[in-house]
Amino acid sequence: MEDLFSAVERSADFPESGRMVPELGSPRIRELIFGTYRVIYSAKDQHGYKRVREPVVKFLDRTC
């Protein structure tokens, strides 16, 4: 679980490292896939740089 939190913290430094969420199509809304978790976050432009706002972590059910 610590690795998951580290990945989320890295997204704050490199917000464009995640891919765009395909079903939303907005370059501001990004996601990281980490094991069975999907972390969705918004990269907001503020003062010329990107900032990550409140990521959402969702468990992926890959059995379906």
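Colleague: Start with Glu-23, is that buried or exposed?

Modeller: Glu-23 is exposed, with a relative accessible area of 53%. Buried means under 20% relative accessible area, exposed over 50%, and partly exposed in between, with a 1.4 Å probe and protein chains only.

Colleague: What should I know about the model and the numbering?

Modeller: This is a predicted model, so local features need pLDDT of at least 70 and side-chain atom pairs count only at pLDDT 80 or more, while totals for chains, interfaces and linings use all residues. Residues are numbered from 1 along each chain as its sequence is written, and side-chain values use heavy atoms, with hydrogens and water left out.

Colleague: Which side chain meets Glu-23 in a salt bridge?

Modeller: Arg-38 does, at 2.6 Å from N to O. Arg-38 lies in strand S3 (residues 37-46) and Glu-23 in the loop between S1 and S2, so the pair ties together parts that are 15 residues apart in sequence. A salt bridge here is a side-chain nitrogen of Lys or Arg within 4 Å of a carboxyl oxygen of Asp or Glu. Helices (H or I, at least four residues) and strands (E, at least two) are DSSP runs, numbered from the N terminus.

Colleague: And Arg-38, buried or exposed?

Modeller: Arg-38 is buried, with a relative accessible area of 12%. Arg-38 also forms a salt bridge with Glu-31, where the closest N and O atoms are 2.4 Å apart. Glu-31 is buried too, with a relative accessible area of 3%.

Colleague: How many salt bridges does a search of the whole structure find?

Modeller: Three. One of them joins Glu-31 to Arg-19, with 2.5 Å between the closest N and O atoms. That pair links distant parts of the chain, as Glu-31 is in strand S2 and Arg-19 in strand S1 (residues 19-20), twelve residues apart. Arg-19 is partly exposed, at 49% relative accessible area. Arg-19, Glu-23, Glu-31 and Arg-38 are linked in a network of salt bridges.

Colleague: What about Arg-30, where does that lie?

Modeller: In strand S2 (residues 29-34). Arg-30 is buried yet has no salt bridge; Glu-16, the nearest side chain of opposite charge, is 4.8 Å away. For charge, Lys and Arg count as positive and Asp and Glu as negative, with His and the chain ends not counted.

Colleague: Which backbone oxygen lies 2.9 Å from a polar atom of the Arg-30 side chain?

Modeller: That of Pro-27. Not counting residues up to four places away in sequence, Arg-30 touches several residues, including Pro-15, Glu-16, Met-20 and Ile-40. Contact means heavy atoms within 4.5 Å.

Colleague: Change of topic. Which residues make up the largest nonpolar core?

Modeller: Leu-4, Val-8, Leu-32, Val-39 and Tyr-41, five residues in all. Helix H1 (2-13) and S3 each supply at least two residues of this core. A nonpolar core is a set of buried Ala, Val, Leu, Ile, Met, Phe, Trp, Tyr and Cys residues joined through side-chain atoms within 4.5 Å.

Colleague: What is Leu-32 in contact with, leaving aside neighbours within four places?

Modeller: Among them are Ala-7, Ser-11, Tyr-37 and Arg-38.

Colleague: And the overall layout, what order do the elements run in?

Modeller: From the N terminus on, α-β-β-β-β, with one helix and four strands in the chain. Of its 64 residues, 27% count as buried.

Key:
A polar contact is a pair of N or O atoms within 3.5 Å; within protein, one must be able to donate a hydrogen and the other to accept it, and residues adjacent in sequence count only if both atoms are side-chain atoms.
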